[in-house]
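Subject: Structure handover

Dear colleague,

Here is the structure for your files. Please look it over before reading my notes on it.

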Amino acid sequence: SFFSFTILLLMEQSENKLTSVVFENLKELIKGKNAAHESMFKFHWKKLWPFNLIWPQVDYLRIQRFMENIGEESQKQKEFIKQNKSKATNETETNFLKATLSYLDALKNSCEKLSAVADFKQKLLEKKIKRDVFAFNKILKEYEQAQTDLVRAGAFVRIHWGELKMQESNG
């Protein structure tokens with residue numbers, strides 16, 4: 001898959017520091033996650049009636065597979081960090097890697113919750129279930145909480161990444 005190729009490619013570039021490789025991999029993973037989020041929730045005129053009768057709608061099955069793929073890749077990245085954490089040269093790098101591990105867990109959880117939203121919408125589309133506002137609201141609230149956790153974990157990653165960059169620029 002695209003993500004495996006990107007992550008393996010970056011892992012093989014030995015001239016890069018471990019933290020830079022991890023940060024670049026995180027950017028690729030979150031790009032994919034954000035694209036799926038936007039395709040499901042972002043407003044677009046093609047989603048409105050009668051245009052939605054003409055243009056194909058969101059491919060929920062594809063989003064489910066994509067979120068599963070990103071979740072798997074985040075776990076591979078987590079294993080990569082655990083195996084290479086000893087290569088961290090200072091406490092700032094170690095702190096960044098620890099924060100990244102938490103972020104990857106939050107990313108996987110967020111992907112699972114977005115996949116649950118896509119599953120619900122797919123079942124609704126296939127008429128396997130009836131429109132249930134309360135069930136959908138519960139699924140959306142769970143996804144909202146997962147997104148909040150992801151943003152919170154991302155803030156720690158950004159803080160430690162900023163410390164790393166500041167440390168590199170100072171010396």
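Predicted model: local features only at pLDDT ≥ 70, side-chain atom pairs only at ≥ 80, totals over all residues.

Residues are numbered from 1 along each chain as its sequence is written, and side-chain values use heavy atoms, with hydrogens and water left out.

Helices (DSSP runs of H or I, at least four residues) are numbered from the N terminus. Axes are lines fitted to C-alpha atoms over the stretch in contact, and angles run from 0 to 180 degrees between N-to-C directions.

Helix α2 (residues 18–41) packs against helix α3 (residues 60–84) at about 165°, the axes being 10 Å apart. The crossing of α2 and α3 is left-handed, that is, the near helix is turned anticlockwise from the far one by less than a right angle. Contact (heavy atoms within 4.5 Å) involves residues of α2 including L18, V21, V22, L29 and A36, and residues of α3 including Y60, I63, F66, I70 and F80. By class, 13 nonpolar, six polar and two charged residues make up this contact of α2 with α3. Here Ala, Val, Leu, Ile, Met, Phe, Trp, Tyr, Cys and Pro count as nonpolar, Asp, Glu, Lys and Arg as charged, and the others, Gly among them, as polar.

For helix α4 (residues 91–125) and helix α5 (residues 133–170), the axes come within 8 Å and cross at roughly 160°, so α4 is roughly antiparallel to α5. Their crossing is left-handed, and the contact has 21 nonpolar, ten polar and six charged residues.

The axes of α2 and α4 come within 11 Å, with a crossing of roughly 20°; these two helices are therefore roughly parallel to each other. The crossing of α2 and α4 is left-handed, with 18 nonpolar, four polar and three charged residues in the contact.

On the second largest pocket: A35, A36, S39, Q57, V58, D59, R62, I63, R65 and F66 line it. A pocket is an open set of points on a 1 Å grid over the protein atoms alone, where a 1.4 Å probe fits, with protein on both sides within 12 Å along at least five of seven lines; lining residues have an atom within 4 Å of a point. α3 supplies the largest share of the lining, four residues. By class, the lining has five nonpolar, two polar and three charged residues.

Regards

Terms used. Parallel < 35°, antiparallel > 145°, perpendicular 65-115°, else oblique.
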